[in-house]
Amino acid sequence: MAAQCVTKVELTISCTNLLDKDVGSKSDPLCVLLQNTSGQQWYEVDRTERVKNSLNPKFTKKFLIDYYFELVQKLKFGIFDIDNKTFDLNDDDFLGEFECTLGQIVSSRTLTKPLVLKNGRPAGRGSITITAEEVKDNRVVVLEVEARKLDNKDFFGKSDPYLEFHKQTGDGNWVMVHRTEVIKNNLNPVWRPFKISLNSLCYSDMDKSIKVECYDYDSDGSHDLIGSFQTTMSKLKEASRSSPVEFECINEKKRQKKKTYKNSGIVSIKHCEIIVECTFLDYIMGGCQLNFTVGIDFTGSNGDPRSPDSLHYLSPNGVNEYLTAIWSVGLVIQDYDTDKMFPAFGFGAQIPPSFQVSHEFPLNFNPSNPFCNGVQGIVDAYRACLPQVRLYGPTNFSPIINHVARFAAAATQQQTASQYFILLIITDGVITDLDQTRTAIVNASKLPMSIIIVGVGGADFDAMEFLDGDDGVLRSSSGEPAVRDIVQFVPFRKFQNSPKEALAQCVLAEVPQQVVNYFSTYKLQPPKNPAAK
């Protein structure tokens, strides 16, 4: 699984028109931040300073919080009037609170909402404003490197050189942060340009030592050191194509043995540039909308919905694996879509009135308006649709992938990173139109969209694993490769006994990187670009 999008977000708090609880002066407010663990348990994360005599405080202390796209992170902001020196807030006057998710805050960037009392009534005219700022250094170094006259380490042919870049940790150890590709049989190699974050290369410190080692690659793993040198970002930054920065590659063992030793070759930095790259939160805070669409498998292999062993059977408390998957993923994504209107489709059923087989029918049977209001709307439409359709087949994915791809293709006409589409397909089994689906995914990989497939039931899901490009590049039936991996597949049974958040965590963990990869590849900026501040 991809590394999670862990990033730190700084929240700035201010309030207006707070209740006045002090006689003869104004309230002395403080804001406390609570976070919800699963269930109803709240724990305190931090609190601001107390602002004296103010009903419109602007708190200077910021809240620093870890942000995970794939989790619903519930927060509560409580405002108290502090009139004593105790840490306990139970003996202080309560001025109001506000509950929301971190997703709602970052997708609004600035959120202003009324404060409410414990009974849910308005706390006078009091309101709270929360502003989110990502804490980051998103500078990236672009390097072009070549070498000449490297020592030959091979008896047959020439050396196969590659470079390793290392940074120095606080305790003096060296950690490798980048390895170039191997250039076979060449003493004057030119490596492909590459990018590395400034933080990874030197902790964003321009004068911190960077060690570069040049090796001769050997297939048995016993790579020979050709030579090395040390430098700093300040020095590398001086490089330009007309005036490269050059370093002698020194092999200490050879230098000690040989009095006439000069060097083991020259490494030339042809180009070094520091650029700023947008992060996932730059796109979200800059106005990018995530559009969520659901596709549900109504093929006959699910079993008769009236039978308790059917995957579409609704248990006495009204749930099944399809609904659990919709809730789990939908609850995370809905925070990133302002209108919360989600198209929902079924496939593989005979539908009224003529009971023709359809591979993309709206759950609400309204082709001109297939939208459902919120995640609850999708659930309601599914429950209403189930008794009206006849489960049939085959299991064709390509129509619904191509349907969403048409909207994603229309969004590419805009010149900014304003729309990204996420298709959730929930299915019980083996794809019938595998070739067409592969082609549909390869075409969609060029568009602003990702596909999440959740497999329910106990079927053999090998074909799904094959669509998820983690193990290699997916190709269309004609051999065209996908330009990026956009499919994430998980079998629901893996999460049957896990907390309800676990499924969304797994299927959504790769989405932030997929969003960034798409928009950065096509050099699209957020509609309102916070990175350009």
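Which elements cover the buried residues of α12? I began with this point in a predicted model, in which local features need pLDDT of at least 70, side-chain atom pairs count only at pLDDT 80 or more, and totals for chains, interfaces and linings use all residues. Residues are numbered from 1 along each chain as its sequence is written, and side-chain values use heavy atoms, with hydrogens and water left out.

**Entry 1: helix α12.** I took helices (H or I, at least four residues) and strands (E, at least two) as DSSP runs numbered from the N terminus. The cover of the buried residues includes α5 (280-285), α11 (501-508) and the strands β17 (289-297), β24 (419-427), β25 (449-455) and β26 (487-491). Within α12 (residues 511-521), I found Val 511, Pro 512, Gln 514, Val 515, Val 516, Tyr 518 and Phe 519 buried (under 20% relative accessible area, 1.4 Å probe, protein chains only). Just after α12, I noted a positive phi of about 55° at Lys 523.

**Entry 2: cavities.** I searched the whole structure and found two cavities of 30 Å³ or more; a cavity is a set of points on a 1 Å grid over the protein atoms alone where a 1.4 Å probe fits but cannot get out, and lining residues have an atom within 4 Å of a point. The largest cavity holds about 50 Å³, and its lining includes Tyr 518 and Phe 519. The second largest cavity has a volume of about 40 Å³; Val 332, Asp 335 and Tyr 336 are among its lining residues. I took each volume as the space filled by probe spheres set on the points, with grid points joined across faces, edges and corners.

Notes:
Buried < 20%, exposed > 50% of the residue type's maximum accessible area, 1.4 Å probe, protein only. Contact = heavy atoms within 4.5 Å. 1 Å grid on protein atoms, 1.4 Å probe; cavity = no way out; pocket = protein on both sides within 12 Å on 5 of 7 lines; lining within 4 Å.
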